[in-house]
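User: Please take a close look at one residue in this model and tell me what surrounds it. Then place that picture in the wider setting of the chain.

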Amino acid sequence: MNRRNFNKLLIGSFALSLAACSSVTSVSLPKDKKRVVVVGGGFGGATAAKYIKKFDPSVEVILIEQNKEYYTCPFGNTVIGGINKLDYIKHDYETLKSKYKIEVIHAKVTKVDGATSTVILEDGTAIPYHRAVVSPGIDFKWEKGYVEGSELHSPHAYKAGPQTQLLHDQLAGMKKGGTYVMVAPPNPFRCPPGPYERISLVAHYLKNNNPTANILILDQKAKFSKQGLFMGGWNELYGNMIEWRSVKEGGKVVAVDPVKKLITTEWDGDKEEVQADVLNYIPSQKAGQLAFDSGLTDGDWCPVFAKTFESKKVKNVHVIGDASIAKPMPKSGFSANSQAKIAALQIVRLLKNQPAVNPPKFANTCYSLISPTYGITVAAVYEAHDDGMRKVKGAGGLSPGTADPSYRLQEATYAVAWYQNQTADMFR
């Protein structure tokens, strides 16, 4: 090889390397069909992808989810409390691919670019869409000494998976007569009854394995969802094992050392240090980072038009699930599933230039286990209007304050059936 050919080869190789580093792979839109790209494969995203295909099989649906396996937060508390193993809450996307012909891409999305109507992957690939659905879930506000990495010492377990297992392992390894401390977050946050179901199932575990242990809840709120029902169940099943302190009565947390598991509280100007043997710190929450990077947020959450869940910030992008502002609907798995179905229906109609369903109705039911045989429930129906979401009067309800054990057992049985049916509705 002479010098000239060597230099040509060197320059050519450099050019190819440069192109590989800087180019963005572009995937063209199909010419004969519409494409919807769904980002996030949880209760919102997986349901939306499936139901778009069910409502109109001709639509090309691409589901992008970073993880190949999805762990549900619902029933994660049964894993923490030793009732189920971690595999019980693990699900995959194989049926969505094989049965519903949804293209599933396991990759990280860095941005949903409304200006170019593309979803940008971490490797630079740009996937164009006619409409997009974004279900980014939650992220945390690192605060008061609880910073990123603190969850390795004092788990939040509010994103299911390894954190769920870690908190169970810490609970199982807690010294006899030790103290389990939960810091419960301020509103709004994912699954309003979730922290209190967790405490219930932690108490169930301790009653059977470490009966002299204590539980302390330091709550950053003055009250919580289904409070009367939870406290009635705690008193009935666990006696004085559980102590709840509201933000107004000694529960306000001003600092935390997650490694030492030491919490500083403040009440009427006085500070107190609380030592935990197991610390379950659940931070304040906000929409998933992707929502911020994509310009979908206003403050901590994503404003949407209630009838379609289309973003008020970015045209042709629909935001569903925990990240959306859908008050008075709670941020729950059932809400995300309900929102996903309505969004899917509206998207299919909009793609056909048909009018949106008006007014659409949504539902939410939150089952909570106080023990494996003691369940409680709250349910509501909602209707979307131009000025937002409204509760439908007279629909839904709450478990009775007094009920016999057979009633509580029935509700616990319904809770298990709900989980099995809901996850089948998402993934099967």
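**The setting of I199**

Leaving out residues up to four places away in sequence, I199 touches Y180, M182, I215, I217, W234 and I242; a contact means heavy atoms within 4.5 Å. The model is predicted: local features need pLDDT of at least 70 and side-chain atom pairs pLDDT 80 or more, while totals for chains, interfaces and linings use all residues. Numbering starts from 1 along each chain as its sequence is written, and side-chain values use heavy atoms, with hydrogens and water left out.

I199 belongs to helix α6, which covers residues 194-209. Helices (H or I, at least four residues) and strands (E, at least two) are DSSP runs numbered from the N terminus. The relative accessibility of I199 is 0%, so this residue counts as buried. Buried means under 20% relative accessible area, exposed over 50%, and partly exposed in between, with a 1.4 Å probe and protein chains only.

N77 is 122 residues away along the chain, yet the C-alpha atoms of N77 and I199 are separated by 8.7 Å.

Helix α2 runs over residues 45-55, and nine of its eleven residues are buried, so α2 is largely enclosed by the rest of the structure.

Now the whole chain. It holds ten helices and 25 strands. Its radius of gyration, taken over C-alpha atoms, is 24 Å, close to the 22 Å that the globule rule gives for 428 residues, so the chain is as compact as a globular protein of that length. That rule is 2.2 Å times the number of residues to the power 0.38. Along the principal axes, the C-alpha trace spans about 85 × 60 × 40 Å.

Burial takes in 53% of the 428 residues of the chain, and I199 is one of the residues that count as buried. Of the contacts between residues at least 6 apart in sequence, 65% join residues at least 24 apart.
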